[in-house]
Amino acid sequence: MKKYINLTCALIVFISTTSFQNGDILCDSKTLKEKAKSALGPYKYDSSELTRIIYKKTETVKEIEIPLFIGEKYRFIFNLEALPKNIEIQIYNKDKDSKNRKLLFSSKDGGIDRKELQWEVSKVRQVYINYIIPPTADGSYSGCAVFMIGYK
Amino acid sequence: MKTTLSLISITLFSLCITRCGNNKQEENTTSIEVTDTIHQQKDTVAIEEDDETTYKLPSALQIAYVSKKSGAPFNESILNKTENLSRYNTSNYKRAVNFGVYSSDLANCLFNKKYQESKRYLKALTETGATLGLKQAFESDKLAERFDKNISNEDTLVQIVSNVQLKTDNLFEQNKQKHITVIAFTGAWIESIYIANQAYALQKNKKILSSICEQLTFTKTLIKALEATKLKEPEMPELLNAISEINNAFNNIASVKTATENDRELNFDKMKFTDTDMIPTMELVKTLRTKMIN
């Protein structure tokens, strides 16, 4: 009987410890977006998106296509607090399958460790955000990135 | 001993349940609690894949803001009547598309300082929103009260509506209703183009025409977004066809076609349009809008 109890206790401990995988971060969308919104300043809130970032053994890219009004000014806010490992953000004028696309912004420029980034743009009709997710050798784990657009 | 074993078994079972619950919450990626009655989708948005592309379309507020800047005058008689609201609680598609239409009408009223009308459209939007599981977004922070209190202050009202927009974005995300946001955008976009075209028909103002053309350039992304979610609601393939037809008609306008073929930037302020150029596109917009609101 004692054996049975010990086995059950071991199972409880195992389940408890594996409930949260190493490196996983719970994404609190509301809080992250509120933080991003406070950085919009004089820009009016337009839209936002929380993207689930899953780190795998190979580098992956997630692209977000955003059409813009060419005559408007925009501010983009990125909040990367809920990421267990840094990613790079690149913004292009064309999609990832285009040959001659131009890099408009890279998070590397101001230091890749920043948890909040801002980028302003105008006179552009389309932008493509690329989240470059680095490979990981530690198995699959995840976090999330938030971006928000303001206009004026 | 039996009691102890039972207790351990219950604990074990509870832990398993809790763990599953945690994972689900994590998937939902937000901590907001939903208390509304949600019209559950038969299927949820597919699990994200590597190297995937998503599409982010602008809000009804931004579209109306740009349209207003073009000088389009306000005409309440062409907006979708709030009395039509009772017709729309028939399907997810109908609710979502008219949520978009009313969002556009509300934004139009707001930027034209028509505050009493804004209030009426906010009420219509609140009711349509409730049928889409968005009740929480409209009920929080004493929305109606704050709207009344700031009724003649455009900046504050726009901010209040922007806050509602953020909350609805969060709820759509949490409820995994990405396709509903695409349908709602389509409704808002069609309504906005329809309103602007009515203004253009009266004034023949080139700035209004440019603004309509700018909005029509969004079809490219909209088609991709609809394509990615077209199996989520039975009406979506037909909607996708209608938008593709609008896209084709617009791209067949001689000046647009020439610029596209020569890979030139579309500068609608400088491009030449004849009076009849826009007719096929606008007929399609009008037909789709009529179908949406009836």
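## Core, sheet and confidence

Me: Which residues touch the most other members of the largest nonpolar core?
Reply: In this predicted model, A:Ala145 and B:Leu106 touch the most other members of that core, which has 105 residues; a nonpolar core is a set of buried Ala, Val, Leu, Ile, Met, Phe, Trp, Tyr and Cys residues joined through C-beta atoms within 7 Å, and buried stands for 20 or more other C-beta atoms within 10 Å of a residue's own, with C-beta atoms placed from the backbone.

Me: And which helix gives the largest share?
Reply: Helix H8 (residues 178–203) of chain B does, with 14 residues; helices (H or I, at least four residues) and strands (E, at least two) are DSSP runs, numbered from the N terminus.

Me: How are the residues and chains labelled?
Reply: Residues are numbered from 1 along each chain as its sequence is written, and chains are lettered from A in the order in which they are written. Because this is a predicted model, local features need pLDDT of at least 70 and side-chain atom pairs count only at pLDDT 80 or more, while totals for chains, interfaces and linings use all residues.

Me: What order do the strands of the open sheet in chain A take?
Reply: The four strands run E1-E8-E3-E6 with antiparallel pairing, where two strands pair if DSSP finds at least two bridges between them. Strand E1 (44–55) and strand E6 (116–122) of chain A are the edge strands, each pairing on one side only.

Me: How many bridges join E3 to E8 in chain A?
Reply: Six bridges join strand E3 (residues 73–79) to strand E8 (residues 141–151), and A:Asn79 has A:Val146 as its bridge partner in E8(A).

Me: Where is confidence lowest in chain B?
Reply: Helix H1 (residues 2–28) of chain B is lowest, at a mean pLDDT of 42, pLDDT being the predictor's confidence in each residue, from 0 to 100.

Methods: Buried ≥ 20, exposed ≤ 12 C-beta atoms within 10 Å, placed from the backbone.
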